Amino acid sequence: MPLSRSPSPIPGGGWPSHDLDHPDHSTKDNRTSPASRWSPASNSPGFVPWESAAIRKTEGKGYPSFSTQNRSFFQKHMRRISSSLPRFNHNRHTPHFGKEKPGRGPWSVLYKLPMVGRIRAGWSRRSRRTRSFLFFLFIILASLYIFYHSPMAYHWRRSASFGGGEKFVIVLGANVEGGVMEWKGAREWAIERDSIRNKKRYVARWGYDLEIVDMRTKKRYAHEWRQSWEKVDHIRKTLRKYPKAEWVWWLDLNTLVMEPSYSLQTHIFDNLADKVYRDINEYNPLNLTHPFTEAYLDSEARSPVGDGKEESINLLLTQDCMGLNLGSFFVRRSAWSDRLLDMWWDPVAYEQKHMQWNRKEQDALEQMYSSQPWIRQHTAFLPQRMINSFPPGACGESGDDPRFHYQREDRDFVINTAGCEVGRDCWGEIYHYRELSYYLNRSLWERFKEDLVAVIWFKLTGKKVKL
Amino acid sequence: MHFAYPSRKSSNPPPFRPRQSRIPIPTLRKGRLKSIAVIATIIIGSFWIISKLFDSRDAPLFRRPSGNPPVVLVTVLDERKHGMGHSQSIRENREQYAKRHGYETMFVHAGDYELEETAGSWARTPAMRHALTNFPECRYVWFLDQDAYIMEPAKSLEERLLEPDLLGKIMRRDISVVPNSIIKTFSHLKGGDIELVLTQDFEGLSTGSLVVRNGEWAKFFLETWFDPLYRSYKFRKAEEHALEHMVQWHPTILSKLAVVPQRTINSYIKGNEEEGFQEGDFVVRAAGCGREGAPSCEEQLSKYRATWQQAFSQA
């Protein structure tokens, strides 16, 4: 038979069958999709799926073979629902045409299970009160699941009105020096992989965003005047890319979130004013004179805490034993931050100071902090261990200074193995803390297995087991 | 014209089915469904309203100054260099103009600020910052150098320059911010965006007469301008070149800057049509007076002294 046009896909999927001169379509079927073949909408004359034939058989005559009264919803509609569901034909060559045999349908299995039958019977025996109680219990459990465990939880936590997670973006400086200044070895790759995975899990849990930026030495920064000052540019780009973000959290690659169960909101931002200190005299390793005393400045600029309001905090960072530390810090989206990010790199300052500024942005920020009142008024400090704990080896070999060093009992939030590339083992430290984090955050079941069963087993048999 | 095959009809139409409720769950009758919908709407709506009420994102962070006084005139005087008489006449000139329009004046002395052996002209930067401290409610700070007289008292500074519409009209857009620079003033700015108004002379930006609007930006700008690293860099023209550097490298400053025609607030005693003083101009300046080899400011400005005194007494 000639065709008026070339065949095209039909909306339900598959291709229209064009060999109309063959009356038996079930034998010569060019369709590729099983969906259209078994669709109940298919109403070609030669093609009668067994369930519609069955409906005709039972209802068309007007003598239903079973009662339609006093039946529950599922009993009434099971047939219709089940027949509209897609299914897979396991036995293509012998389709069940013709008479329906009882107990052959795909759902009949369900009725045969004794358990299901018992539950159904039990449900209908319950009183109305018990039923409604069970119903509400079910609703509560379902909402608990939806709010806390289902994939929807991610979206609740992101949305501005529930969790507010979309207000936070983590910027992770990855690929440091990747392949330009020195080769990345297996250890560097492993650190990168672990660090990125750690942050990815963290943001997935709380609905934040993660921006992984490339810190490779680029030609545009390789100019003598601007080596590795990408941080500022990356933060600016991130603020542009995530217009809903309020806080950008910069993290160096050598960091790990040790406690993924802490959200930034509860850990820091819900009552920010209580967590920060704005008077640098509280801990002042740089020995800066604070506050300013110049007579031409106003009282706010001369006050040690600025205006003291939570809203005026736009830069949130920590101090280590050397001064400001930019391994982990927060910048809030504001006009002030635009100015800071704009002024941070200035060619005149750089030209005079770049020989002394070997910590780059950090030194430049220190310079600005020490000379500019407008910077100080909007900067606040967090105690270092809130977002930036150090391992032993950074700021003292013993690692027991509670100001800087990771304390396991306190379950510090983030570890930053700062300076590990100088004579320390970066990968070893990252691995150690990764495993420690897993260990500390074991689930109840894991604790039961490892702390109880395995211990008892060890006592009984003298063998260590891994469960 | 051929059309696609019509869809094939079944010759066995499906039989009528018994009527059933459209709502699948029997306990949800139509009436109940309605009330459930209403209650759900109310609950969701109240959630939404509460979440909006506690949303503090749009709260204004910084208050607007009330505008009392509207403008503060700042001048740095150097009696030792320019003589008592000259300083006195400058003082009178400013005070009379300020009195007429309800402005305030602020005079500081060149030695008032610690400048660490840098050029004395840097004093204007902390002086303006000082004015913001002393008059926290002022709307503008106008720095006018001590080599200038206000010649026309009748109109206020707002009427001449600062009304946003007027400023939007007279500001020069898309011109090189410093002669021959590739950095040009923005062309999309409106009068209301502007925080800093100044003029350009034939050499570059002129800091002899400039207006800053009080606010967070002004403090940022003035404190940055007075940065010790800028001062120690030894720009040839000290604070003027530092400012030129800033506007060319930092868009947060360039985007708040308006360059206006020079004779609006900064006519020079000599110069071509664009910069030379003409009858009826607002301000006259003897730029560069009192430098080594140049006649003193008092001498250069002497012929204007009688003119402004006359103009002020008449009006």
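Which residues do ring pairs link into a cluster? In this predicted model, the cluster joins A:F168, A:Y202, A:Y208, A:W247, A:W249, A:Y262, A:F269, A:F330 and A:F413, where rings of Phe, Tyr and Trp (its six-membered ring) pair if their centres lie within 6.5 Å, with planes under 30 degrees apart counted as stacked, over 60 as edge-to-face and the rest as tilted. Residues are numbered from 1 along each chain as its sequence is written, and chains are lettered from A in the order in which they are written. Local features need pLDDT of at least 70 and side-chain atom pairs count only at pLDDT 80 or more, while totals for chains, interfaces and linings use all residues, and side-chain values use heavy atoms, with hydrogens and water left out.

Over all chains, the whole structure holds 39 aromatic pairs. One of them is formed by A:Y369 and A:F381, whose ring centres are 5.7 Å apart and whose planes meet at 70 degrees, so the pair is edge-to-face. This pair links distant parts of the chain, since A:Y369 belongs to helix α15 of chain A and A:F381 to strand β7 (residues 379-381) of chain A, 12 residues apart; helices (H or I, at least four residues) and strands (E, at least two) are DSSP runs, numbered from the N terminus. A:Y369 is buried, with a relative accessible area of 2%, and A:F381 is buried at 0%, where buried means under 20% relative accessible area, exposed over 50% and partly exposed in between (1.4 Å probe, protein chains only).

Because A:C321 lies in the loop between β5 and β6 of chain A and A:C395 in the loop between α17 and β8 of chain A, the pair ties together parts that are 74 residues apart in sequence. A:C321 is partly exposed at 31%, whereas A:C395 counts as buried at 18%.
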